[in-house]
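The following exercises are to be worked through with the sequence and the three-dimensional structure at hand. Each task is followed by a solution in steps.

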Amino acid sequence: MELSPRSHEVVAATAGVVAEHADEITSVFYPTMFEAHPELLGIFNLANQAIGEQPKALASSVVAFAVQLIDPDAPEFAPVLRRIAHKHVSLGVRASEYLIVGHYLLGAVRTVLGDAVTEEVAAAWDEVYWLFATALIAEEARLYALGGTEPEHPWRDFRVVERFDESDEVFSLLLAPVSGEVPAHLTGQYVAILVDLPDGSTQPRQYTISSGPRGDTLRVTIKRVRGVGGAPDGVVSGWLFDNAQPGTVLTVSQPAGDVVLEESDSPLVLVSAGIGITPIAAIMEDLSRRQPNRTVRLYHADRSHAHHALYAGLRRQVLAMADAQAINWYEEGATEAPTLHPARSGFMDLSGIAVPAEAEVFMCGPLPFMQAARAEFIAKGVPSERIHYEVFGPDLWAQSPA
């Protein structure tokens, strides 16, 4: 995938300017596009729009893609592109919608940069965008085909079979398709749930499949989001908390996600915080059934034991495995926590943790938490390619790793 020689020259000369104004460009792009095409509001997470995460993710990904086209020493973009494609497939993005996005994104470039955008500059960045878009379209078509999904009809109805309250703010839903079979999924993947809200809007949210492959149902584990510092409560998680009961029919995407448990015998180190326990729970359920002799180290941080979702199942799985050990850190009440081994007080501290040789590391939790953990593992000699992470929401880290 290469730019034409003239576009290569123009992009090299203008990439710095576009990068400098990237956030401003996307802040113009989204409102303009949504005003003309309000139907697209049902694809985008409006909470991430409101706090600016989605615009930043789009801006940084397009700029990173352009940079790797002009700089042979730039970080490989293929892993980022695959991750974006998985997110898009979970949201039912169609190839035709790239036409709309391209039109308004390039229009925003012209609006922000003004006279600096000559016809030659516009043509060069149009070429960048369509190289980006066609790569995504091709990868998304492949993922839809692998999932047996018709891209024009990407959603299926699932019925809530059971509901389990994991804590005051976390609950699990056991889902079964209304018709047909449960779609195959890889351990660690997620689905999107599309909800019609009381104000008439439709919003999707992605939730990890917190169980291993079962054959007849999927389990998702959801935290009811409470607004902090004046931010609003989560509208989708709140609706599901109030309304998703046995018998409720939900609109669900095909499973997606590129951070998955690979077939291997390597030791595993699983690191999580808060609701980031969900992909870890899926991995543990799968391992305890298929590879009970595999070496696993499980490290989790939470506010308290009462907030530690899915603990009972994880405890059973650790006990069922020949070489699994778990350590938990709680900000509150660690000394009284009824954990398998004594919990530790405060925030997670990995400095005294021994990492098994040739271990693979999986992480899920807040971005600063994972960045700190990643730095600790690299300092312990774990190669960066053996450290995998899942981000809930726009992946701002993927464009500029720590």
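Two rings of Phe, Tyr or Trp (for Trp, the six-membered ring) form a pair if their centres lie within 6.5 Å; planes under 30 degrees apart count as stacked, over 60 as edge-to-face, and the rest as tilted. The model under study is predicted.

**Exercise 1. Determine which residues form one aromatic cluster with Phe 29, and classify the pair of Phe 29 and Tyr 30.**

Step 1. Step 2. Step 3. Phe 29 and Tyr 30 are both buried. Step 4. The cluster consists of Phe 29, Tyr 30 and Phe 34.

**Exercise 2. Classify the pair of Phe 65 and Phe 132, and state which parts of the chain it ties together.**

Step 1. The centres of the two rings, Phe 65 and Phe 132, are separated by 5.1 Å, and their planes stand at 45°; the pair is therefore tilted. Step 2. Because Phe 65 belongs to helix α4 (residues 53-70) and Phe 132 to helix α7 (residues 119-146), the pair ties together parts that are 67 residues apart in sequence. Step 3. Both Phe 65 and Phe 132 are buried.

**Exercise 3. Identify the rings over which the charged ends of Lys 87 and Arg 163 sit.**

Step 1. For Lys 87, the ring is that of Tyr 190, with the charged end 4.9 Å from the ring centre. Step 2. For Arg 163, the ring is that of Phe 171, at 4.4 Å from the centre.

**Exercise 4. Decide whether Ser 7 is buried or exposed, and list the polar contacts of its side chain.**

Step 1. Ser 7 is located in helix α1 (residues 5-20). Step 2. Its relative accessibility is 8%, so Ser 7 counts as buried, the limit being under 20%. Step 3. The Ser 7 side chain makes a polar contact of 3.1 Å with the side chain of Ser 4, and one of 2.6 Å with that of Glu 127. Step 4. Apart from neighbours within four places in sequence, Ser 7 touches Ala 124 and Glu 127.

**Exercise 5. Compare the radius of gyration of the protein chain with that of a compact globule.**

Step 1. The protein chain comprises twelve helices and twelve strands. Step 2. For 402 residues, a compact globule would have a radius of gyration near 21 Å; the chain has 22 Å, which agrees. Step 3. Of the 402 residues, 53% count as buried.

Technical notes:
Residues numbered from 1 in each chain as written. Predicted model: local features only at pLDDT ≥ 70, side-chain atom pairs only at ≥ 80, totals over all residues. Heavy atoms only, no water. Buried < 20%, exposed > 50% of the residue type's maximum accessible area, 1.4 Å probe, protein only. Helix = DSSP H or I, 4+ residues; strand = E, 2+ residues; numbered from the N terminus. Lys NZ or Arg CZ within 6 Å of the ring centre and 35° of its normal. Rg over C-alpha atoms; globule rule 2.2 N^0.38 Å. Polar contact = N/O pair within 3.5 Å; in protein donor to acceptor, adjacent residues only side chain to side chain. Contact = heavy atoms within 4.5 Å.
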